[in-house]
Structure formats: structure tokens, C-alpha cells
There are 2 protein chains.
Amino acid sequence: MESQQKSGSNIGGIESGERGVATANKIKMQGWDFVLRFLALGLSLAAAVVLGVNKETTTVLESVVPTQPPVNVRATAKWHYLSAFVFFVVANAIACVHAAISLVLTLANGRGKKGISMVIIFFDLVMVALLFSGVGAAFAIGLMGYRGNTHVAWNKVCNVFDRFCHQVVAAIILSTVAALMFFLLVVLAALNLHKKH
Amino acid sequence: MESQQKSGSNIGGIESGERGVATANKIKMQGWDFVLRFLALGLSLAAAVVLGVNKETTTVLESVVPTQPPVNVRATAKWHYLSAFVFFVVANAIACVHAAISLVLTLANGRGKKGISMVIIFFDLVMVALLFSGVGAAFAIGLMGYRGNTHVAWNKVCNVFDRFCHQVVAAIILSTVAALMFFLLVVLAALNLHKKH
């Protein structure tokens, strides 16, 4: 009923000028949307790749037999050895695909069909949840690798796999910024809807 | 400009009936908002408490000296031994406080001031990000405790601390549902704004 009332007012006189301003606002809004979505795409792709190619082989001194002196042992760290990192890479890959599809849909949806916009906002929100849970998981495991924990007797591994851990940190930072881009996209969409009503 | 045009239409004739329908819709919306917010409050509080009081002391067979037979050793698991669990409890406590404050603000904001509503939606979104990262972190560490990892030589601990791990699972489920409540609050707010404009 309220919407009918509002649309009814469009029959009024100074409509074209106002429509011009609204269109200008929409184009400005779409510009921001495009930039944020493009950044989210690039950052989540970079995060998935940086962790997805992460592998380091090194030599560690290890006491194989307790009574014998320690010997050099070849050890390898790979990203898919840890479930949290697998989840992180998959989450970022999904976010990247969503960013790409939504970018195309946003550009194609020039007339601004509300239904499509709402579906995109919904999935932007899903990406916020997905990426933040991925970052949380990877950060928790990364921190454990960096500091270790005496209570559960989990030794630190970052003193051995130095480069591997640096790449994990880089991927986490990239993914956090990508998550913030999706966060901003949802905030901007809400502000946009708020401004209009 | 557009808002002026819309408000201008309110001078029309059949205004009171339409306002009645709008008010009824708002009350219905506020009802859902109230229920979801109340559930989010209870669930995040429960998650923080269930993990925050988590402590288990048990006896484990451990070989203190390699040449001697293993002896019984008292071992304790506490929630604050692991950073991920501390983050989880703090995140849920923050979400609980936000839910309580926003519940009061929503009830007090009967006239539906847009500014306050937008601030509440923004912080609902922050809670989505915060709770999902907390769940991700706690789940990653919990899964490591349940399965262990041979690659980094982190042994499973849930075979020893059975009850402790069950409480971690319960807290994670509670927090995930709380996070979904905040997620739904953001979706409903977006739909509400969408319907109005």
C-alpha cells in the first residue's frame, strides 16, 4: 500500500530532474560497488593462490633413536596437510567466483533490477560469514604453528618452516581485506536502500 | 530530492488506512526482530558460558622417563589454555552485550528512527563477522584436538579430555546458531528496507 502511494507520486511535475539526480547517484554507487567487488575478487583470488601454492621442504635435526645423536631429516610442509588451510583456500575460491559472477551481474543489471540486487547482497553477506570463518580458522592454526602450546604439547613449527608461515600470514591478511570489501559492499547496499526509502 | 517527492505524496487522501497497514507491518517486523535478537542474546550467552566454564581434570598414563614403565599423571584442560577459545568466549560475550543493548534500543525506538536502526544493523553485521571468525577459530582448534595431525606432530587430545571436547562442540553449535540469528537480522533488515523503497 505504501509503495503504491509512493509510486503514485511519480506522476507529479518535476520528475525528470529528480530522476536525473537519482540516476547520477546510482552511477556513483555502482562505481563504488564495482571498485569494491573488483578488489574483493583480486584479493580473495590472491589469498587462495598464495596459500594454495604454499609448500616448503627443509632439513631438520631430529633424534630418531633416543640414545643416538640427532640426525638430519628432510621435512615438508604443504598447505593441504591442515584442514583449516584447505577450508581457507576453498572459502576464498568460492568468494572469488561469487565476486566474478556478481561483477558481471552488476554490470549487466544496469537498469538496477531490485530482485537481482537483493540476491547479490544476500550472497555478499554469505561471503562475509564464509571468509571471516576461514580467516578465523587459518589464523588459529597459524598462531598455533607460530607459538605452539605446552598444555596440549603441540610444538611450534614456524621456527622450522619460516617461508611457509610467512605465506600463511600474507594469505590471511589478503583474505581479511577481501572479507572487509564484502562487509563494505553490504554496508553500502544497506545505506543505499536506507537513502532511497 | 526523491525523498521529498515521496514525502510530498503523504498529503494525499487515503493516508490513515495506509499508515495503519504500514504500522501493522512494522509491528510484525519488530516482532521477528525481537525474537531473533532475544535468541541471539541467549545463544551467545550460553556459548560463552559453556566454553567459559569448561575445565576437565583427568589421569593419563605417561612415560616420564623413557626406560621406565609409564606412570599415572594428573592432567587438566582449561578453556583459557588455548587462544582460539579465549577469542571465542570474548567474541560471544561481545555479541551477547550487543544483543542486549540493541534489544533495549529496538524496544525504546518504537517510532522507528532510521538512524538508530542503521547503527543497529551495522553492529549486527559486525557480530556476523566476529562470531563466524570465532566459530572458525574454535572449530579449527577443536578439530585438531579431535583428530590430531601427524604432519606437524600435534597429537589428538580429545581421547583424554572427553567431556571437555563435548563442551567445545556444544559451544560451537550454540555460537553458530547465534551467528545465524545475526545473519537473519541483517537479511530481514535489508528486506525491510527493500520493501519500503
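Colleague: What volume does the largest cavity have?
Modeller: This is a predicted model, so local features need pLDDT of at least 70 and side-chain atom pairs 80 or more, while totals for chains, interfaces and linings use all residues. Residues are numbered from 1 along each chain as its sequence is written, chains are lettered from A and ligands numbered from 1 in the order written, and side-chain values use heavy atoms, without hydrogens or water. A cavity is a set of points on a 1 Å grid over the protein atoms alone where a 1.4 Å probe fits but cannot get out, and its volume is the space filled by probe spheres on those points, joined across faces, edges and corners. For the largest cavity that gives about 160 Å³.

Colleague: How many cavities of 30 Å³ or more does the structure hold?
Modeller: Rolling a probe the size of a water molecule over the atoms shows where empty space is left. With the cut-off at 30 Å³ or more, the number of cavities is 1.

Colleague: Which residues lie nearest the centre of the largest cavity?
Modeller: The lining (residues with an atom within 4 Å of a point) has 18 residues. They split into 13 nonpolar, 4 polar and 1 charged (Ala, Val, Leu, Ile, Met, Phe, Trp, Tyr, Cys and Pro are nonpolar, Asp, Glu, Lys and Arg charged, the others, Gly among them, polar). In chain A, strand 2 (71-78), helix 4 (114-147) and helix 5 (162-196) each supply at least two of the lining residues. Nearest the centre are Ala77(A), Leu82(A), Val157(A), Phe164(A) and Val152(B).

Colleague: In what order do the elements of chain A run?
Modeller: Helices (H or I, at least four residues) and strands (E, at least two) are DSSP runs numbered from the N terminus. Chain A comes to 5 helices and 2 strands. From the N terminus on, they run α-α-β-β-α-α-α.

Colleague: Are helix 3 and helix 4 of chain A roughly parallel or roughly antiparallel?
Modeller: Helix 3 (residues 83-108) of chain A packs on helix 4 of chain A at about 155 degrees, with the axes 9 Å apart (lines fitted to C-alpha atoms over the stretch in contact, angles from 0 to 180 degrees between N-to-C directions). Under 35 degrees is roughly parallel, over 145 roughly antiparallel, 65 to 115 roughly perpendicular, the rest oblique. That makes the chain A pair roughly antiparallel.

Colleague: And in chain B, what is the handedness of the crossing of helix 3 and helix 4?
Modeller: Their axes come within 9 Å and cross at roughly 155 degrees, so helix 3 and helix 4 of chain B are roughly antiparallel. Their contact divides into 17 nonpolar, 7 polar and 1 charged residues. If the near helix is turned anticlockwise from the far one by less than a right angle, the crossing is left-handed, and if clockwise, right-handed. In chain B it's left-handed.

Colleague: Is Phe132(A) buried or exposed?
Modeller: Phe132(A) is found in helix 4 of chain A. Its relative accessible area is 12%, and the cut-offs are under 20% for buried, over 50% for exposed and in between for partly exposed (1.4 Å probe, protein chains only). So Phe132(A) is buried.

Colleague: What phi does Ala153(A) have?
Modeller: Most residues other than glycine have a negative phi. Ala153(A) is in the loop between helix 4 and helix 5 of chain A, and at 46% relative accessibility it counts as partly exposed. Though not a glycine, Ala153(A) has a positive phi of about 55 degrees.

Key: On a 1 Å grid over the protein atoms alone, a cavity is a set of points where a 1.4 Å probe fits but cannot get out, and a pocket is an open set with protein on both sides within 12 Å along at least five of seven lines; lining residues have an atom within 4 Å of a point.
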